[in-house]
Amino acid sequence: MPTLHELTDTSPEEALDLYLRERSTEVTDSTLQSHEYRLNHFVRWCDEVEDIDNMNALTGRDLHRYKLWRQEDGNLNQVSLKSQMDTLRVFLRFCESIDAVEPDLHAKVMSPTLSDGVGQRDVKLDTEEAEELLEHLGRFEYATFGHTLLLLLWRTGLRMGSARALDLDDLNPEDEYVSVCHRPESDTPLKNKQNGERLVALDPPTCAILSDYIEVNRPEVTDDFGREPLLATENGRPSKNTIRATVYRWTRPCMYRGSCPHGRDKDDCEALNARMAASKCPSSVSPHAVRRGSITHHLTQDVPEQVVSDRMNVSQRVLEEHYDRRSEEVKVEQRRAYLEDI
């Protein structure tokens with residue numbers, strides 16, 4: 001491993017520029033903007049607070065001082081602080097790959113662990129995480145129940161109950177949509193009843209994966225009412241607990257990244273070694289957090305709010321109050337894009 005004298009002199013500004021250029025081919029513009037915004041605080045701290053002009057000199061103690069400095073910002077809550085420290089960890093992992101910092105420095109980043117209930121209305125699956133997760137599932141778990149479920153939830157923003165309610169006949173791959181129907185008499189009610197019924201458009205890749213799941217991996221089963229569920233287990237229509245456990249299981253970072261951002265040992269991690277304990281991973285998320293992330297992703301991609309409202313079956317007021325988790329910086333840049341030619 002490189003020692004200090006073997007590292008390449010790299011300023012924080014140069015490291016950030018290289019990181020953004022590298023990630024620009026891997027993530028969406030909105031994700032890149034979010035990372036740049038979060039990491040600009042770190043670059044500013046290096047320059048204005050600590051007078052650090054070479055990434056080679058960074059230590060674990062420096063990273064702790066940076067965390068304390070960010071905590072002093074009265075406008076930064078625990079959820080936002082965690083997001084910034086998690087992004088810093090990813091950035092430092094990249095810096096290690098270009099010999100700009102000492103090996104394994106990223107493991108010394110201490111990100112807050114949110115206690116039960118803290119920030120639950122802000123917890124979401126980020127676009128970058130969703131893309132990494134779906135890429136992993138597409139390569140190693142193609143068209144399995146887990147892959148199909150996560151893909152459907154992310155691409156459509158469906159509620160868990162709506163995804164569970166889908167039947168084989170509700171999928172129209174030729175016209176590329178699914179029909180969401182309220183069927184309370186056979187145990188698949190929708191939250192908004194008849195007002196929740198709608199056609200949800202699908203893109204061609206999603207239709208292809210759904211078709212492959214049906215052809216290869218879907219069990220030939222019916223539910224207790226003789227209906228053929230689109231998403232199925234050997235026992236018929238999956239319960240909400242099954243869907244919830246599947247989402248928690250696959251959104252643990254160690255499942256799709258191969259490493260633990262919290263420094264846990266796999267042999268001792270309670271989220272890995274106990275049945276139905278995946279939710280104990282600080283980074284795993286619920287189906288509702290996938291929905292929240294999907295809605296935020298659609299909005300960040302400049303999909304009009306009315307379109308998102310209709311597609312996700314949520315009023316614009318509730319959309320703004322409970323689901324829209326775009327940063328103010330992203331919102332202002334989106335508004336600027338609309339106003340540039342006026």
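1. The sheet here is open, with three antiparallel strands in the order β1-β2-β3. Because β1 (171–172) and β3 (198–201) sit at the edges with a single partner strand each, one side of each has no neighbour in the sheet. Strands are DSSP runs of E, at least two residues, while helices are H or I runs of at least four, numbered from the N terminus; two strands pair if DSSP finds at least two bridges between them.

2. A quick word on the model: it's predicted, so local features need pLDDT of at least 70 and side-chain atom pairs pLDDT 80 or more, whereas totals for chains, interfaces and linings use all residues. Numbering runs from 1 along each chain as its sequence is written, and side-chain values use heavy atoms, leaving out hydrogens and water.

3. Back to the strands: β2 (residues 177–180) is joined to β3 by four bridges, and Val180 stands opposite Arg198 in β3.

4. The salt bridge count is 15, taking a side-chain nitrogen of Lys or Arg within 4 Å of a carboxyl oxygen of Asp or Glu. Lys124 pairs with Asp126, closest N and O atoms 2.5 Å apart. Lys124 is buried at 19% relative accessibility, but Asp126 is partly exposed at 22%. Buried means under 20% relative accessible area, exposed over 50%, and partly exposed in between (1.4 Å probe, protein chains only).

5. Have a look at Asp170 and Arg183, whose side chains meet in a salt bridge (2.9 Å, N to O). They link distant parts of the chain, with Asp170 in the loop between α7 (160–165) and β1 and Arg183 in the loop between β2 and β3. Both are buried.
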